[in-house]
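These are my notebook entries on a single protein chain. I list what I looked up and what I found.

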Amino acid sequence: MAFAWKAAGLTYNRYLAVAARVARRSLKEDKRLQAERRGEMDLRFAKWEGGKQGENKPLASANAEAMAE
């Protein structure tokens with residue numbers, strides 16, 4: 001039996017991000033604001049090609065670009 005997130009075409013990391021966002025949005029206003037600040041991503045990455053580092057991009061914007069494609 002396949003997992004629901006896998007059957008929906010999501011990666012496990014994307015599934016966790018969606019679940020965390022839903023949980024944060026279900027909180028009361030004061031707790032929700034604190035949780036949303038903790039949930040912000042500050043990760044950056046760069047793609048390496050031919051032994052050279054590409055442009056550094058924020059992970060959140062790269063995920064948004066990938067989902068748009």
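Which residue in S2 stands opposite Glu 49? I looked it up and found Lys 52.

**Conventions.** I worked on a predicted model, in which local features need pLDDT of at least 70 and side-chain atom pairs count only at pLDDT 80 or more, while totals for chains, interfaces and linings use all residues. Residues are numbered from 1 along each chain as its sequence is written, and side-chain values use heavy atoms, with hydrogens and water left out.

**Entry 1, hairpin.** I examined the strands next. Strand S1 covers residues 44-49 and strand S2 covers residues 52-58; the two run antiparallel and are joined by five bridges. Two strands count as paired if DSSP finds at least two bridges between them. Two residues lie between the strands of this hairpin, and Gly 50 takes a positive phi near 60°.

**Entry 2, secondary structure.** I counted four helices and two strands in the protein chain. Their pattern along the sequence is α-α-α-β-β-α. Helices (H or I, at least four residues) and strands (E, at least two) are DSSP runs, numbered from the N terminus.

Along the principal axes, the C-alpha atoms fill a box of roughly 50 × 35 × 20 Å. The domain assignment, which is automatic or from a database, gives domain 1 (1-38) and domain 2 (43-68). I find the C-alpha centres of domain 1 and domain 2 to be 22 Å apart.

Buried residues account for 7% of the 69 residues. Buried means under 20% relative accessible area, exposed over 50%, and partly exposed in between (1.4 Å probe, protein chains only). I then took the contacts (heavy atoms within 4.5 Å). Of those between residues at least 6 apart in sequence, 3% join residues at least 24 apart.

My search of the whole structure returned one aromatic pair. The ring centres of Tyr 12 and Tyr 15 are 6.0 Å apart and their planes stand at 35°, so the pair is tilted.

Is Arg 32 buried or exposed? I record Arg 32 as buried because its relative accessibility is 17%. Arg 32 sits in helix H3 (residues 29-39), and Glu 29 lies in helix H3 too. Their side chains are joined by a polar contact of 2.6 Å. Such a contact is a pair of N or O atoms within 3.5 Å; within protein, one must be able to donate a hydrogen and the other to accept it, and residues adjacent in sequence count only if both atoms are side-chain atoms. With neighbours within four places in sequence left aside, Arg 32 is in contact with Arg 24, Arg 25 and Leu 27. Glu 29 has a relative accessible area of 48% and is therefore partly exposed.

Definitions and conventions. Rings of Phe, Tyr and Trp (its six-membered ring) pair if their centres lie within 6.5 Å; planes under 30 degrees apart count as stacked, over 60 as edge-to-face and the rest as tilted.
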